[in-house]
Amino acid sequence: MNEAIKIDVWSDIACPWCYIGKRKFEAGSGLFQGAGDDRAVEVEYHSFELNPETPVEFEGSETEYLAQHKGIDPEQATQMLDRVTAIAEQVGLHYDFPSVKHTNTVLGHRLIHYAKAHGKQLEMKERLLKAHFVEGGHVGHIDDLADYAVEVGLDRDDVVRSLLSDEYLDAVREDESLAQEFGIGGVPFFVIDGKYGVSGAQEAATFAQVLEQVWNERASETSAESAEVGA
Amino acid sequence: MTALKPLGDPNAVVCEGDVCVLPTADDTSVETPSDEPT
């Protein structure tokens, strides 16, 4: 039995390429695992806040935010978001930017850490991304976050207790320092087996190819080690 | 800094800073032909 390839993913919730990249990674990982020989992956998500200064209650639409921060006119911002929406559609995600509630994501990241401690990290990450980009949900309010947590099987009261405290804030900060240590400036970012870095929403075929390459390099290293032991 | 060996397409799209790097209509760097049905 071979050991699973470990993939540590840094991403934010308010990050359109992170959700698209997640889908592409899942497709690529599926292709890789389908090639057999016990090929397996273990995925862990890590926090990355693209803009920690974003207020919880942001007044305005995603288009307005984008136009303001990039210094472009709203029409150009709308065109950009339309283009991202079309790319998301290609991977089966129905982005609805007009309903996106722009907000601070630190509470969402703390909830994902809470979920990890309760064996539900992947489900929680997916639920928050869907709420933010597809459903027009608010991922900065404790009540809304608690509702999403219940949907993935977590205890509402305990989630509210946790979010009202500073629980898991240190875990968020630790992820962010690790990102700095790795030199990660943009997300999504995939660290494979702690040695290889893959930046951005790569194509599914590229993810599959990268995983296969890592798998083969591991096999070569194992063979070389066995040969040394046998010599 | 922990050095990571880079793999994959170096031009893949990312979000960085306070807004994402979003493609404009004439930006072809995010075309995804491999996702289209053959």
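Trainee: Which residues of α4(A) meet α5(A)?

Mentor: A:G108, A:L111, A:I112, A:A115 and A:K116 of α4(A) meet A:Q121, A:E123, A:M124, A:K125 and A:L128 of α5(A); contact here needs C-beta atoms, placed from the backbone, within 7 Å. Helices (H or I, at least four residues) and strands (E, at least two) are DSSP runs, numbered from the N terminus. This is a predicted model, where local features need pLDDT of at least 70, side-chain atom pairs count only at pLDDT 80 or more, and totals for chains, interfaces and linings use all residues. Residues are numbered from 1 along each chain as its sequence is written, while chains are lettered from A and ligands numbered from 1 in the order in which they are written.

Trainee: At what angle do α4 and α5 of chain A pack?

Mentor: Two packed helices are described by the angle between their axes and the distance between the axes. Helix α4 (residues 106-117) and helix α5 (residues 121-133) of chain A pack at about 155°, with axes 7 Å apart. Axes are lines fitted to C-alpha atoms, for helices over the stretch in contact, and angles run from 0 to 180 degrees between N-to-C directions. That makes α4(A) roughly antiparallel to α5(A) (angles over 145 degrees).

Trainee: What is the strand order in the open sheet?

Mentor: Strands of a sheet pair through backbone hydrogen bonds, either parallel or antiparallel. Here the order is β2(A)-β1(A)-β4(A)-β5(A)-β1(B), with mixed pairing; a pair needs at least two DSSP bridges. Two bridges join β5 (residues 196-199) of chain A to β1(B), and these strands run parallel. A:G197 stands opposite B:P6, and A:Y196 opposite B:K5.

Technical notes:
Angles under 35 degrees count as roughly parallel, over 145 as roughly antiparallel, 65 to 115 as roughly perpendicular and the rest as oblique. Two residues are in contact if their C-beta atoms, placed from the backbone, lie within 7 Å.
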